[in-house]
Amino acid sequence: MSGMTRTPLEQPARVAVLIGLVMLGLVAAAPVALSQSTSNQPFILPFKGPPGPDTWLLGQPYGNTVFAFQHRTSFYGASQGIHFGTDFVARCGTEVLSIADGVVFAVDDLSFGSGPHNLMIDHPKLGYATLYGHLLKRPALQAGQAVKAGEVVALSGDPAGTCTARPHLHLEVRGLGHVRKYDPVPLIQADWDNLALTGPPTQIFERNLDRPRQWQYLNDQPEATIGGPLLNDFAHPWPPDWTGP
């Protein structure tokens with residue numbers, strides 16, 4: 001009721017309910033709030049509008065996800081067993097923005113993965129490169145072309161090429177050598193707390209029961225190197241290992 005005085009017992013009760021929801025997986029684990037722009041967050045989000053069911057949502061995050069762990073010896077084996085980008089669910093044809101000023105390094109170089117079309121942009125002043133994958137069509141850009149932060153550089157697509165299977169943008173932050181991959185969350189200006197609330201209502205990250213707090217937050221995921229040894233080949237994982245026969 002409006003104007004009702006809150007009793008001293010209500011706040012602990014609310015906290016207990018929230019803790020229970022987190023333990024059940026109904027509230028996604030979120031990092032420390034990163035909504036404020038800082039010098040350590042040089043990038044913007046790759047879409048113009050706000051997130052929502054009619055625009056775009058956070059899908060599979062970067063890092064030690066349950067899905068990547070389950071496929072760590074197959075198509076995630078090349079990047080140490082982790083999901084080496086951040087997936088943003090979006091309808092095919094959604095405009096994709098360059099997340100910083102830069103120079104186009106490559107267009108449709110499928111040695112970088114993330115087909116059927118992709119785009120690699122170097123950001124020499126920042127010391128990073130960004131890959132935009134699963135694009136709808138070949139971007140109308142050329143290697144060596146300068147782009148600005150917020151400029152439309154591509155259209156999101158679907159890795160299956162159908163626009164009905166799993167349309168999304170796969171975004172990576174790499175080193176300028178294009179071999180080292182970084183967690184984009186600490187580098188992108190965004191309200192990741194709220195974005196995380198749209199994630200799946202189950203455990204997002206694989207748990208190492210020998211180190212149960214390891215890599216369980218969006219902004220605390222390991223760097224990866226193409227061709228390096230597996231990072232998450234845990235002896236005692238949870239959920240259980242499903243890669244066996």
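Predicted model: local features only at pLDDT ≥ 70, side-chain atom pairs only at ≥ 80, totals over all residues.
**Entry 1: the aromatic rings around F75**

I stayed with F75 and asked which ring it pairs with. F67 and F75 form a tilted aromatic pair, with 6.1 Å from centre to centre and 45 degrees between the planes. F67 is partly exposed too, at a relative accessible area of 39%.

Next I turned to Y76 and F84. Their rings form an edge-to-face pair, 6.1 Å centre to centre, with the planes 75 degrees apart. I noted that pair as edge-to-face because its angle is over the 60 degrees that the class needs. Y76 counts as buried at 7% relative accessibility, and F84 counts as buried at 14%.

Then I put the two pairs together: F67, F75, Y76 and F84 belong to one aromatic cluster. Over the whole structure I have 12 aromatic pairs in my count.

**Entry 2: the largest pocket**

Y76 turned up again when I looked at pockets. The largest pocket holds about 530 Å³ of space. I found 25 residues lining it, and those closest to its centre are Y76, H83, H134, R166 and H170.

Which elements give two or more residues to the lining of the largest pocket? I get β2 and β9. Of the elements, β9 gives the most, with four residues. I also sorted the lining by class, and it has 10 nonpolar, 10 polar and five charged residues.

**Entry 3: the disulfide**

How many disulfides does a search of the whole structure find? My search turned up one. The partners are C92 and C163, with their sulfur atoms 2.1 Å apart. I checked the handedness as well: the angle about the S-S bond is -100 degrees, and the link is left-handed.

I then placed both cysteines in the chain. C92 sits in the loop between β2 (86-90) and β3 (95-97), and C163 in the loop between β8 (152-155) and β9 (168-175), so the bond ties together parts that are 71 residues apart in sequence. I was glad to meet β2 and β9 again, as both give two or more residues to the pocket lining. C92 is partly exposed at 23% relative accessible area, and C163 is partly exposed at 31%.

**Entry 4: the salt bridges**

Side chains of opposite charge can pair when their charged atoms come close. I counted seven salt bridges in the structure, and I wrote up several of them.

E95 and K48 meet through their side chains, 3.0 Å from N to O. This pair links distant parts of the chain, with E95 in strand β3 and K48 in the loop between α1 (10-24) and β1 (56-58), 47 residues apart. E95 is partly exposed, with a relative accessible area of 35%, whereas K48 is exposed at 59%.

R138 and D108 meet in a salt bridge at 3.8 Å, N to O. I placed R138 in the loop between β6 (128-133) and β7 (146-147) and D108 in the loop between β4 (102-107) and β5 (119-123), 30 residues apart. R138 is partly exposed, at 46% relative accessible area.

For R180 and E223, the closest N and O atoms of the salt bridge are 3.2 Å apart. R180 lies in strand β10 (residues 180-182) and E223 in the loop between β11 (207-208) and β12 (224-225), so this bridge joins parts that are 43 residues apart in sequence. Both partners came out partly exposed: R180 at 32% relative accessibility and E223 at 39%.

Which residues are linked in a network of salt bridges? I noted R72, D233 and D241 for this one.

Notes:
Residues numbered from 1 in each chain as written. Heavy atoms only, no water. Disulfide = S-S within 2.5 Å. Buried < 20%, exposed > 50% of the residue type's maximum accessible area, 1.4 Å probe, protein only. 1 Å grid on protein atoms, 1.4 Å probe; cavity = no way out; pocket = protein on both sides within 12 Å on 5 of 7 lines; lining within 4 Å. Points joined across faces, edges and corners; volume = space filled by probe spheres on them. Nonpolar A, V, L, I, M, F, W, Y, C, P; charged D, E, K, R; others polar. Salt bridge = Lys/Arg side-chain N within 4 Å of Asp/Glu carboxyl O. Phe/Tyr/Trp six-rings, centres within 6.5 Å; stacked < 30°, edge-to-face > 60°.
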